[in-house]
Amino acid sequence: MLPWLKAALAVLSLLQLVSSRPLMNTSPKLRLSEITHRIQRLNSRVQVPCNDTRVAQIAFTDRKLSEQELLCQAAAALNSITRCRNDYEPLIINLQSLHGDTSCSLSDENEIYLRNFLPELGNFTQGMYRHLATLATP
């Protein structure tokens, strides 16, 4: 094989690997944007991967809980998915990086289908993104 063709294939493979990985060492605003875009991509498919899987319902509108606590609960809920793990791993990693070392408890008292959970998570992260944008504006 020609050396330039090998190099081109190596570069393409590297680009594919980098684009499939979550953003590292980035601002919370970029991570929130990445989460929102990944959710939109999952929802734009004909069917959400493992859409009939049930996960713990998170009370994203509960003002008694901090944003870090809610992000931690969302990560824990997605972490419980065993099938389709690869589809949700980037979301889990980004959520975990946003909540840091916050520990949380997750109640499985109320469950929700994954296809309904993702839009709620998307709305929550989009709201956080907008809030961060208004804080950055003088």
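1. Ground rules. Residues are numbered from 1 along each chain as its sequence is written, and side-chain values use heavy atoms, with hydrogens and water left out. Since this is a predicted model, local features need pLDDT of at least 70 and side-chain atom pairs count only at pLDDT 80 or more, while totals for chains, interfaces and linings use all residues.

2. What H2 hides. Buried residues here include Arg31, Glu34, Ile35, Arg38, Ile39 and Leu42 (buried is under 20% relative accessible area, exposed over 50%, partly exposed in between, with a 1.4 Å probe and protein chains only). As background, an α-helix has 3.6 residues a turn, so residues three or four places apart point the same way.

3. Tyrosine 113. You'll find it in strand E2, residues 111-113. Leaving out residues up to four places away in sequence, tyrosine 113 touches Asn51, Asp52, Thr53 and Arg54 (contact means heavy atoms within 4.5 Å). Glutamine 57 is 56 residues away from tyrosine 113 in sequence, yet their C-alpha atoms are 8.6 Å apart.

4. Largest pocket. Its volume is about 200 Å³. A pocket is an open set of points on a 1 Å grid over the protein atoms alone, where a 1.4 Å probe fits, with protein on both sides within 12 Å along at least five of seven lines; lining residues have an atom within 4 Å of a point. Of the 14 lining residues, Phe60, Arg63, Glu67, Leu70 and Phe124 are closest to the centre. Helices H3 (67-79) and H5 (114-136) each give two or more residues to this lining, with H5 supplying the largest share, six.

5. Second largest pocket. This one holds about 170 Å³ of space. Arg38, Arg41, Leu42, Arg45, Asn86, Asp87, Pro90 and Leu91 line it. H2 and H4 (85-99) each supply at least two of the lining residues, and H4 gives the most, four.

Definitions and conventions
Grid points are joined across faces, edges and corners, and a volume is the space filled by probe spheres set on the points.
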